[in-house]
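Visitor: Could you walk me through this protein, one question at a time?

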Amino acid sequence: MGSGEENAKVYYSLSEVAKHSSREDCWLIINGKVYNVAKFLEDHPGGDEVLLAVTGKDATDDFEDVGHSSTARAMMDEYYVGEIDVSTIPTKVKYSPPKQPYYNQDKTSDFIIKILQFLVPLAILGLAVIVRIYTKTA
């Protein structure tokens with residue numbers, strides 16, 4: 001057998017992949033693998049703009065969202081050029097909104113709201129009893 005070099009993987013940094021973003025030289029990152037899809041641009045069913053729009057970044061989510069066929073996935077092997085060095089991809093930071101103080105827009109105190117929550121149903125019940133008494137005697 002061979003010396004094992006045929007199994008050696010070539011790793012590219014994100015900045016190296018980002019340099020390949022033209023129609024003549026278009027590289028994509030999908031599932032940690034780097035693909036040179038320049039020869040496929042004209043044949044891509046979604047158009048070349050779709051592929052050119054995702055160069056220089058991890059296009060895995062875009063690729064998976066479309067729902068490519070098993071045939072399309074099999075075709076990827078012929079465009080494979082190497083692996084992405086994952087340490088060069090910035091980690092996604094989860095967005096957290098800035099902390100803001102609680103703001104009660106109507107300035108109504110919680111105490112008044114609690115009293116009204118108790119008194120309004122009581123008033124409705126009282127009104128229903130009064131209506132019942134007057135309609136019974138008539």
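Visitor: Which residue in β4 is the bridge partner of Y35?
Guide: This is a predicted model, in which local features need pLDDT of at least 70, side-chain atom pairs count only at pLDDT 80 or more, and totals for chains, interfaces and linings use all residues. Residues are numbered from 1 along each chain as its sequence is written, and side-chain values use heavy atoms, with hydrogens and water left out. Strands here are DSSP runs of E with at least two residues, helices are runs of H or I with at least four, and both are numbered from the N terminus. In β4, Y35 has as its bridge partner Y80.

Visitor: How many bridges join β3 to β4?
Guide: Two strands pair if DSSP finds at least two bridges between them. One of the bridges links K33 to E83 in β4. Strand β4 covers residues 80-84 and runs antiparallel to β3, and the number of bridges joining them is 3.

Visitor: Which residue in β4 does Y11 stand opposite?
Guide: β1 and β4 pair over 2 bridges, in the parallel sense. Within β4, the residue opposite Y11 is E83.

Visitor: In what order do the 4 strands lie in the open sheet?
Guide: The pairing in this sheet is mixed: β1 and β4 are parallel, while β3 and β4 are antiparallel. The open sheet has the order β1-β4-β3-β2. Its edge strands, each pairing on one side only, are β1 (11-12) and β2 (27-30).

Visitor: What is the bridge partner of W27 in β3?
Guide: Strand β3 takes in residues 33-36 and is joined to β2 by 4 bridges, with the two running antiparallel. For W27, the partner in β3 is N36.

Visitor: What phi does N31 take in the hairpin of β2 and β3?
Guide: N31 sits in the loop between β2 and β3, and the hairpin has 2 residues between its strands. Most residues other than glycine have a negative phi. N31 is a residue other than glycine with a positive phi, near 55°.

Visitor: Is N31 buried, exposed or partly exposed?
Guide: The cut-offs are under 20% relative accessible area for buried, over 50% for exposed, and in between for partly exposed, using a 1.4 Å probe and protein chains only. N31 has a relative accessible area of 48%, so this residue counts as partly exposed.

Visitor: Which residues does D48 touch, leaving out those up to four places away in sequence?
Guide: D48 belongs to helix α2, residues 48-53. Because its relative accessibility is 18%, D48 counts as buried. A contact means heavy atoms within 4.5 Å, and beyond those sequence neighbours D48 touches R23 and L41.

Visitor: Is H44 buried or exposed?
Guide: H44 lies in the loop between β3 and α2. Leaving out residues up to four places away in sequence, H44 touches V50, L51 and H68. Its relative accessible area is 13%, so H44 is buried.

Visitor: Which element gives the most to the lining of the largest pocket?
Guide: A pocket is an open set of points on a 1 Å grid over the protein atoms alone, where a 1.4 Å probe fits, with protein on both sides within 12 Å along at least five of seven lines; lining residues have an atom within 4 Å of a point. The largest pocket holds about 480 Å³ of space, and of its 22 lining residues the closest to its centre are F40, H44, L51, F63 and H68. At least two lining residues come from each of β2, α2, α3 (60-66) and α4 (70-75). The element that gives the most, with 3 residues, is α3.

Visitor: How far apart are the end C-alpha atoms of residues 111-134?
Guide: An unreviewed UniProt entry lists residues 111-134 as "transmembrane region"; such annotations may be inferred rather than shown by experiment. In the model, this stretch is 100% helix and 0% strand, and its end C-alpha atoms are apart by 35 Å.

Visitor: How many of the residues of the protein, in percent, count as buried?
Guide: The protein has 5 helices and 4 strands, which run β-α-β-β-α-α-α-β-α from the N terminus on. Of its 138 residues, the share that counts as buried is 22%.

Definitions and conventions:
Grid points are joined across faces, edges and corners, and a volume is the space filled by probe spheres set on the points.
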